[in-house]
Amino acid sequence: MPVIGTLDELTDFIAHRKRLYVRWSLGPDVDLPALASRDDLTGIALPGLSASPLDVEPWWSERPLRLWAARRLYDYAHLPQVKGHRVRPWLLRAREIGRGPDNEPLVTGIEPLGWIDRAVIDEAVEEIRRQRGRWGTLDRTGLGRTP
């Protein structure tokens, strides 16, 4: 599978294609045979792979597409630390068939497009750090459990 090596390269994909998603996993060779994710909390098998959407929402308007791409990667950049160092992001084109328990898209009809290099994640982190607002990833590991 090809490697997407820069944030600008990923941004170009987003500018010219629709139905794009990022999946953080061991890759399509592992994911595609089963074509199902599992809810970590309940263990329930989900009817598709969970993925993060990359299609730009209309409310984003004329804001920089590069910032959109950076934000979409940054939100889940913690997953290799949580799920294991072999977990990597990869770009795919797919059809959404539902939503998971965290309101994440569940997708099928998957066309793998390429691995997203670690350098792209580093660029995304830097892009987010340049913004004025405070923001963090969607990492839940620091929340603890309620009694």
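Trainee: What is the make-up of the chain in helices and strands?

Mentor: The chain has five helices and six strands. From the N terminus, the order is β-α-β-α-β-β-α-α-β-β-α. The model is predicted.

Trainee: How much of the chain counts as buried?

Mentor: Of its 147 residues, 40% do. The accessible surface comes to about 9,000 Å². Carbon and sulfur atoms hold 51% of that surface.

Trainee: Why is S37 called buried?

Mentor: Buried means under 20% relative accessible area. S37 has 7% relative accessibility, so S37 counts as buried.

Trainee: Where is S37, and what does S37 touch?

Mentor: S37 is in the loop between helix 2 (28–34) and strand 3 (49–50). Leaving aside neighbours within four places in sequence, its contacts include R23, I44, L46 and S50.

Trainee: How do you know that the buried residues of helix 1 lie on the same side?

Mentor: Those residues are L7, L10, T11, F13 and I14. They cover an arc of only 155° around the axis, which puts them on the same side of helix 1. An α-helix has 3.6 residues a turn, so residues three or four places apart point the same way.

Trainee: What do the buried residues of helix 1 pack against?

Mentor: Their partners include strand 1 (3–4), strand 2 (20–25), helix 3 (65–74) and helix 5 (118–129). Take L10 as one case. Beyond neighbours within four places in sequence, L10 is in contact with I4, L54, A69, L73, L91, I116 and V120.

Trainee: Which residues have the most contacts inside the largest nonpolar core?

Mentor: They are L10, L73, L91 and I116, in a core of 27 residues. Helix 1, strand 2, helix 3, strand 6 and helix 5 each supply at least two residues of this core. Helix 3 gives the most, with six. A second, separate core has nine residues, including A51, L92, A94 and I110.

Trainee: What makes R66 and E127 a salt bridge?

Mentor: The nitrogen of Lys or Arg must be within 4 Å of a carboxyl oxygen of Asp or Glu. The closest N and O atoms of R66 and E127 are 3.1 Å apart, so the pair passes. R66 lies in helix 3 and E127 in helix 5, so the pair ties together parts that are 61 residues apart in sequence.

Trainee: Are R66 and E127 buried or partly exposed?

Mentor: One of each. E127 has 11% relative accessibility, under the 20% limit, so E127 counts as buried. R66 has 23%, which lies between 20% and 50%, so R66 is partly exposed.

Trainee: Why do D75 and R72 count as a salt bridge?

Mentor: Their N to O distance is 3.7 Å, and the limit is 4 Å, so the pair counts. D75 is buried, with a relative accessible area of 4%. R72 counts as buried at 17%.

Conventions:
Residues numbered from 1 in each chain as written. Predicted model: local features only at pLDDT ≥ 70, side-chain atom pairs only at ≥ 80, totals over all residues. Heavy atoms only, no water. Helix = DSSP H or I, 4+ residues; strand = E, 2+ residues; numbered from the N terminus. Buried < 20%, exposed > 50% of the residue type's maximum accessible area, 1.4 Å probe, protein only. Areas by Shrake-Rupley, 256 points an atom, 1.4 Å probe, with all protein chains shown as cover. Contact = heavy atoms within 4.5 Å. Arc of directions from axis to C-beta. Core = buried A, V, L, I, M, F, W, Y, C linked by side-chain atoms within 4.5 Å. Salt bridge = Lys/Arg side-chain N within 4 Å of Asp/Glu carboxyl O.
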